[in-house]
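Please look at the sequence and the structure below before reading on. The paragraphs that follow go through the sheet, then the helices, then some single residues.

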Amino acid sequence: MQVPDIKEILTKYRTIAVVGLSPDSGKPSHEVAAYLKRAGYRIIPVNPAVPEVFGEKSYASVTDIPEAVEIVDVFRRSEFVPEIVEQAIAKGAKVVWLQEGVVHEEAAKRARAAGLEVVMDRCMLKEHVKTMKR
């Protein structure tokens with residue numbers, strides 16, 4: 001399994017679809033996305049249960065997003081990952097990022113086979129702080 005270059009990913013790509021983004025500021029997805037937004041990333045919410053987050057329209061799925069997406073950041077349980085990976089592939093994303101506690105080896109293999117980079121079981125906020133603040 002190849003290890004992705006986290007710093008390169010965080011530097012090169014700026015548009016992030018956050019799957020499972022909650023409007024509740026107490027939830028990890030909200031905290032991480034708010035941080036990334038403050039850091040200058042374009043955040044696109046993917047949550048069929050809410051109309052918007054951070055004043056941005058929320059979409060039911062990654063494939064519903066009308067613009068290009070570079071990173072698909074996943075805050076859903078592991079059993080939902082295969083479907084999200086298929087959406088990321090169909091959308092032409094470059095990276096699938098599975099947050100801490102989210103692991104799905106088969107879906108990761110599928111994403112890599114389709115040419116996407118995969119970061120698994122890591123927090124994007126923590127990785128950004130660790131790699132970009134040096």
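**The sheet and what surrounds it**

β1 and β5 run parallel and are joined by 4 bridges. Within this pairing, Ile 16 has Ile 71 of β5 as its bridge partner. Strands pair here if DSSP finds at least two bridges between them; strands (E, at least two residues) and helices (H or I, at least four residues) are DSSP runs, numbered from the N terminus. This is a predicted model, in which local features need pLDDT of at least 70, side-chain atom pairs count only at pLDDT 80 or more, and totals for chains, interfaces and linings use all residues. Residues are numbered from 1 along each chain as its sequence is written, and side-chain values use heavy atoms, with hydrogens and water left out.

The two strands belong to an open sheet of 5 strands in the order β2-β1-β5-β6-β7, with parallel pairing. β2 (42-46) and β7 stand at the edges with a single partner strand each, so one side of each has no neighbour in the sheet. From one strand to the next, the twist averages 20 degrees (axes are lines fitted to C-alpha atoms, for helices over the stretch in contact, and angles run from 0 to 180 degrees between N-to-C directions). In general, strands of a sheet pair through backbone hydrogen bonds, either parallel or antiparallel.

Next come the helices. In helix α5 (residues 124-132), the residues Met 124, Leu 125, Glu 127, His 128 and Thr 131 are buried. Buried means under 20% relative accessible area, exposed means over 50%, and partly exposed lies in between (1.4 Å probe, protein chains only).

Helix α4 (residues 105-113) has Ala 107, Ala 108, Ala 111 and Arg 112 buried. These residues line one face of α4, because they fall within an arc of 140 degrees seen down the axis. Glu 106, Lys 109 and Ala 113 are exposed on the other side of α4. The buried residues of α4 pack against α3 (81-91), β6 and β7 (117-119). Just after α4, Gly 115 has a positive phi of about 95 degrees.

Which loop holds Gln 99? Gln 99 lies in the loop between β6 and α4. Gln 99 is buried, with a relative accessible area of 4%. Apart from neighbours within four places in sequence, the contacts of Gln 99 include Val 32, Asp 73, Phe 75, Asp 121 and Met 124.

Asp 121 itself is in the loop between β7 and α5. Its phi is near 60 degrees, a positive value in a residue other than glycine, and Asp 121 is partly exposed at 39% relative accessible area. Phe 54, which is not a glycine either, has a positive phi of about 55 degrees. Phe 54 is found in the loop between β3 (52-53) and β4 (56-57) and is partly exposed, at 27% relative accessibility.

Two charges sit over rings. The charged end of Arg 14 is over the ring of Tyr 41, 3.9 Å from its centre, and that of Arg 76 is over the ring of Phe 80, 3.9 Å from its centre. The criterion is NZ of Lys or CZ of Arg within 6 Å of the ring centre and within 35 degrees of the ring normal.

Notes. The arc is that of the directions from the helix axis to the C-beta atoms. Contact means heavy atoms within 4.5 Å.
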